[in-house]
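Please read the following walk through one protein chain with its sequence and model at hand.

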Amino acid sequence: MTRLLFWIALIILVVWAVRSKVRAMMAPPAQGMGQGMGPDPRQGGGDARYRRVPDETESMACCAECGLYFPASESVRVDGRDYCSPAHARQPSLRKPG
Ligand SMILES: [Zn+2]
């Protein structure tokens, strides 16, 4: 019976050691080289390279029906008025009375 316990303890020890070793291998090498991360600002001469900024300088339009603001490129223009959707462009007369 004591031999069985001994073997169990040995197996647990081995498993623990292997697990700790695997963890050390899986973990990223965060020690040592902590500097040098990030983009190098000394690229090129005078062209300033910022982060990728999406072109969201599009002008907004206001729906004549519901008052919703939306990109002007998606507007539905009817009779010189901008609408957010064809449905609103089609039924401008269904506005609430008052
Ligand atoms: Zn609308």
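In this predicted model, Phe 70 touches a set of residues that lie beyond its neighbours within four places in sequence. In soluble globular proteins, nonpolar side chains tend to be buried together. Across the chain, buried residues make up 7% of the 98 residues.

Cys 63 is buried, because its relative accessible area of 3% falls under the 20% limit. Its SG atom is a donor of the zinc ion, together with Cys 66 (SG), Cys 84 (SG) and His 88 (ND1). These protein donors lie 1.9 to 2.3 Å from the zinc ion. What is the geometry of the site of the zinc ion? The site is tetrahedral, with angles of 97 to 123° among its four donor atoms. Along the chain, the donors of the zinc ion are spaced as C-x2-C-x17-C-x3-H. Within this set, Cys 63 and Cys 84 link distant parts of the chain, being 21 residues apart. Cys 63 sits in the loop between β1 (60-62) and β2 (69-71), while Cys 84 sits in the loop between β4 (81-83) and α2 (86-90).

The overall order of elements can now be laid out. The chain has two helices and four strands, and along the sequence they follow the pattern α-β-β-β-β-α. Of the contacts between residues at least 6 apart in sequence, 11% join residues at least 24 apart.

Two loop residues come next. Ser 73 belongs to the loop between β2 and β3 (76-78). With a relative accessible area of 57%, Ser 73 is exposed. From Ser 73 to Ala 61 the C-alpha to C-alpha distance is 8.6 Å, and the two are 12 residues apart in sequence. Asp 79 lies in the loop between β3 and β4. Asp 79 has a positive phi of about 55°, although it is not a glycine. Is Asp 79 buried or exposed? Asp 79 is exposed, because its relative accessible area of 77% is over the 50% limit.

Helix α1 covers residues 2-26, which is 25 residues. From its first C-alpha to its last, α1 reaches 36 Å, close to the 36 Å expected at 1.5 Å a residue. How many buried residues does α1 have? The count is zero, and α1 is hardly covered. A search of the whole structure finds one aromatic pair. Phe 6 and Trp 7 form this pair, which is edge-to-face, with 5.7 Å centre to centre and 70° between the planes. Trp 7 is partly exposed, at a relative accessible area of 43%.

Conventions. Residues are numbered from 1 along each chain as its sequence is written. This is a predicted model: local features need pLDDT of at least 70, side-chain atom pairs count only at pLDDT 80 or more; totals for chains, interfaces and linings use all residues. Side-chain values use heavy atoms; hydrogens and water are left out. Rings of Phe, Tyr and Trp (its six-membered ring) pair if their centres lie within 6.5 Å; planes under 30 degrees apart count as stacked, over 60 as edge-to-face and the rest as tilted. Buried means under 20% relative accessible area, exposed over 50%, partly exposed in between (1.4 Å probe, protein chains only). Donors are N, O and S atoms within 2.8 Å of the metal (3.2 Å for Na, K and Ca); water is not among the atoms, so sites may look incomplete. Four donors count as tetrahedral if all angles lie between 85 and 135 degrees; four count as square planar and six as octahedral if opposite donors are over 155 degrees apart and all others between 65 and 115; anything else is irregular. Contact means heavy atoms within 4.5 Å. The expected span of a helix is 1.5 Å times one less than its number of residues.
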